[in-house]
Amino acid sequence: MILSALGLLAAGPALAEPPQVVVDTPVTASLVQQVMGDLGQVQVLLPKGASAHHHQMRPSDARGLQEAGLLVWTGPELTPWLDRAASSVAGDVAQLRLLEVPGTYLRGYDESHDHGHEEHGHGDGSGHGDDHAHDHDHAHDHAHGDDHAHDDGDHHAHGDVDPHAWLDPQNARLWIAAIAETLAEADPDNAAAYRQNAETAGEGILRLEEDLRAQLQPHAMGSFVVFHDAYGYFTDHFGLQPAIAVSLGDASTPSAARLNEIRARIAQSGAHCAFPEYGSDPKLVQAVTEGSTVRAGRELMPEGGDLEPGPGLYAQILGEMGGAIADCLSQ
C-alpha cells in the first residue's frame, strides 16, 4: 500500500496527528470509526438515508477529499459517483478500496439462478479465501447481461460484482484488520491503539455472527422475497435460501415480463415472506405477492437507511436484518 502522501509528517519529537479520514458511506464510517476510536472523527460523503449508488458530490465534499490524508471506500462498483474524484486525488491522498482487500469474498449478481444454493458456513473465521474460491470463479464466469437481456436494462450498471460485500461479516472482519494496518502505517504513533481497537471490533462481529447464526439456523429452508438483489452475501454466509429479488437493479423498474417471472418463482418456491427495502417503492413487492399467502415483513436496510450513523451502525444493520428475517419466517 502506497502511503507516500502521508510521508510529509513532521520529524523530531512532535507526535504525528492521526490522518483526516474521508469515507464513502455510513457503513464504511462505522467500520473505520471502530478502529479509530477516540483518535479521530471520520468524514462521511454520503448523507444518512441517501442512496449509495446515485448520490452527487457537493463542492464541499470535493474540498474535504482534497484535504484528506486517507480515503476509505468500498469501490466504484457501489459508489460510481466517487470514482472520478478518487482518481483525481490519487497522487495526493492515500486510498483503501475495501472490495480490493486480499481475501475478500466477492460474488456475482443473481448467482443463485445459475449455480444453485450452496451453504457457506465459514463461521470459524478460518481460511476465508479457500472457502469461497469457487465463488470467485462464479463471479467472473457469470454472464449477467446475457441472462437478463429481456429486463430492459434492469441490472446494475456497475459491473457484475455485487458490491454489498459488508453483509458477509467475515468480509467486515477482514476489512477492519486492513483499515487498522492502513492507519498504523499512516500514523505509527497510534499503531498499537488501532490494532487493539480492530481486535476488539472483530471479536464483537464474531459474537454478532454467532447470535445471528443461532437465530437464523431454524429458518434455513424458508424462502423469501426482497426488493433488489443485494442480500446474497448475507444468505450465503448464514446458509439461507437465496432471496427472490423483484428487481435485479436498484434504479430501474422491472419489466412486466420480470414481474411475471417473479410471481411464478414465488409460487414455485412456496415463499413465506416479502420484505420491502428502505428507499424503494413497496408497491413493487406488493405487486408480485398480491393474492398469495406471502406475509409482509419489516423493511430491510442493507445500507443503513435511517438508522443512526456511528460505530454501532454495522452491528445494527446486520442485527435488524437477521431479526426481521427470523421473525417473519418463524410465524
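**Entry 1: helix 12**

I started at Gly-291, which follows helix 12 and has a positive phi, near 80 degrees. I am working with a predicted model, where local features need pLDDT of at least 70, side-chain atom pairs count only at pLDDT 80 or more, and totals for chains, interfaces and linings use all residues. Residues are numbered from 1 along each chain as its sequence is written, and side-chain values use heavy atoms, with hydrogens and water left out.

I noted how elements are named: helices (H or I, at least four residues) and strands (E, at least two) are DSSP runs, numbered from the N terminus. Helix 12 spans residues 282-289. Which of its residues are buried? I found Leu-284, Val-285, Val-288 and Thr-289. Buried means under 20% relative accessible area, exposed over 50%, and partly exposed in between (1.4 Å probe, protein chains only).

I then looked down the axis of helix 12. Its buried residues fall within an arc of 125 degrees, so they line one face of the helix. The arc is taken from the directions from the helix axis to the C-beta atoms. Their cover includes strand 5 (224-228), strand 6 (244-247), helix 11 (256-269) and strand 7 (273-275).

At the N-terminal end I checked the cap. Asp-281 provides it: a side-chain oxygen lies 2.9 Å from the backbone nitrogen of Lys-283.

I traced an open sheet of four strands with the order 6-5-7-8 and parallel pairing. Two strands pair if DSSP finds at least two bridges between them. Strand 6 and strand 8 (295-296) are the edge strands, each pairing on one side only.

I looked up what packs on this sheet. Helix 13 (residues 313-329) does, touching strand 5, strand 7 and strand 8. Its direction makes about 150 degrees with that of strand 7. Contact means heavy atoms within 4.5 Å. Axes are lines fitted to C-alpha atoms, for helices over the stretch in contact, and angles run from 0 to 180 degrees between N-to-C directions.

Why is strand 5 largely enclosed by the rest of the structure? Five of its five residues are buried, so the rest of the structure largely encloses it. Three bridges join strand 5 to strand 6 in parallel, and three bridges pair it with strand 7, also in the parallel sense. Val-225 has Ile-244 as its bridge partner in strand 6 and Ala-274 in strand 7. Val-226 stands opposite Ala-245 in strand 6.

I found another open sheet of four strands, with the order 2-1-3-4 and parallel pairing. Strand 2 (43-44) and strand 4 (94-97) stand at its edges with a single partner strand each, so one side of each has no neighbour in the sheet. Strand 3 (residues 70-73) pairs with strand 4 over four bridges. Trp-73 stands opposite Arg-97 in strand 4.

Helix 1 (residues 26-36) lies across strand 1 (21-23), strand 2 and strand 3. I noted its angle to strand 1 as about 150 degrees.

**Entry 2: helix 2**

In helix 2 (residues 59-66), I found Asp-61, Gly-64 and Leu-65 buried. Down the helix axis they fall within an arc of 100 degrees, so they line one face. Pro-59 and Gln-66 are exposed on the other side. The cover over the buried residues includes strand 1, strand 2, strand 3 and helix 3 (83-88).

**Entry 3: the whole chain**

I counted 13 helices and eight strands in the protein chain. Of its 331 residues, 53% count as buried.

Note on methods
Polar contact = N/O pair within 3.5 Å; in protein donor to acceptor, adjacent residues only side chain to side chain.
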